[in-house]
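Subject: Structure handover and what was found

Hello,

I am passing on the structure we talked about, and I would be grateful if you could look through it with the notes below beside you. The notes begin with the overall fold and then turn to a few places along the chain.

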Amino acid sequence: MGTTNTTKRSVDELLAEAREELVRLEPLDAAAAQTEGALLVDIRYAALRERDGTIPGALIVERNELEWRLDPQCDHRLPETTHHDLRVVVVCNEGYASSFAAVSLRRLGLARATDLIGGFQAWRAAGLPVS
């Protein structure tokens, strides 16, 4: 069995470490990436999507299913996730959970995975389309 790192760190430290791996996108850049073929993946839970709406064209994948749905090698993957070179932009509500999720996807080999700075709320505040 491998060793477990038991160093005590705060979630803020873990978040900063995760974000060092990412080239995070501002809302307008994420919209441009989507136009160029990137997958926007909304990991917000249903109540937030019902309350605030969704990004047109974004895939809805609950956070607890993300790795299984986006792993190109998994039998449970989405049809859109056919190769590891896929550009993925993860969207959560405010841009925190999405950073951790994007790093998890990168560890699966999706090297172009990143997230949206400020999450869905920043997308909406930028006046981008919401349905």
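The protein contains six helices and four strands, where helices (H or I, at least four residues) and strands (E, at least two) are DSSP runs numbered from the N terminus. Followed along the sequence, these elements come in the pattern α-α-β-α-β-α-β-α-β-α.

Before going further, please keep in mind that this is a predicted model, in which local features need pLDDT of at least 70 and side-chain atom pairs count only at pLDDT 80 or more, while totals for chains, interfaces and linings use all residues. Residues are numbered from 1 along each chain as its sequence is written, and side-chain values use heavy atoms, with hydrogens and water left out.

As for overall dimensions, the C-alpha trace spans about 45 × 35 × 25 Å along its principal axes. Buried residues make up 41% of the 131 residues, with buried meaning under 20% relative accessible area, exposed over 50%, and partly exposed in between (1.4 Å probe, protein chains only). Among contacts (heavy atoms within 4.5 Å) between residues at least 6 apart in sequence, 65% join residues at least 24 apart.

The UniProt record, an unreviewed entry, carries the annotation "domain: Rhodanese" over residues 34-131, and such annotations may be inferred rather than shown by experiment. Over residues 34-131 the chain is 33% helix and 12% strand, and the end C-alpha atoms are 16 Å apart.

Helix 5, residues 97-107, has as its buried residues Ser-98, Ser-99, Ala-101, Ala-102, Val-103 and Leu-105. What lies over these buried residues includes helix 1 (11-19), helix 4 (66-70), strand 3 (88-91) and strand 4 (114-115). Just after helix 5, Gly-109 takes a positive phi of about 105 degrees.

Two residues that follow in the sequence are worth looking at together. Arg-112 is found in the loop between helix 5 and strand 4, and Ala-113 is found in that loop as well. Is Ala-113 buried or exposed? Ala-113 counts as buried because its relative accessibility is 1%, whereas Arg-112, at 39%, counts as partly exposed. Not counting residues up to four places away in sequence, Ala-113 touches Leu-22, Val-88, Ala-102, Leu-105 and Arg-106. With neighbours within four places again left aside, Arg-112 is in contact with Asp-85, Leu-86, Arg-87, Val-88 and Arg-106. Arg-112 and Ala-102 are ten residues apart along the chain, and their C-alpha atoms are separated by 9.1 Å; Ala-113 and Thr-6, by contrast, are 107 residues apart in sequence and 27 Å apart in space, C-alpha to C-alpha.

Finally, Pro-72 sits in the loop between helix 4 and strand 3, and Pro-72 is buried, with a relative accessible area of 11%. Which residues is Pro-72 in contact with, leaving aside its neighbours within four places in sequence? They are Arg-77, Thr-81, Thr-82, His-83, His-84 and Leu-110. The C-alpha atoms of Pro-72 and Ile-60, which are twelve residues apart along the chain, are separated by 17 Å.
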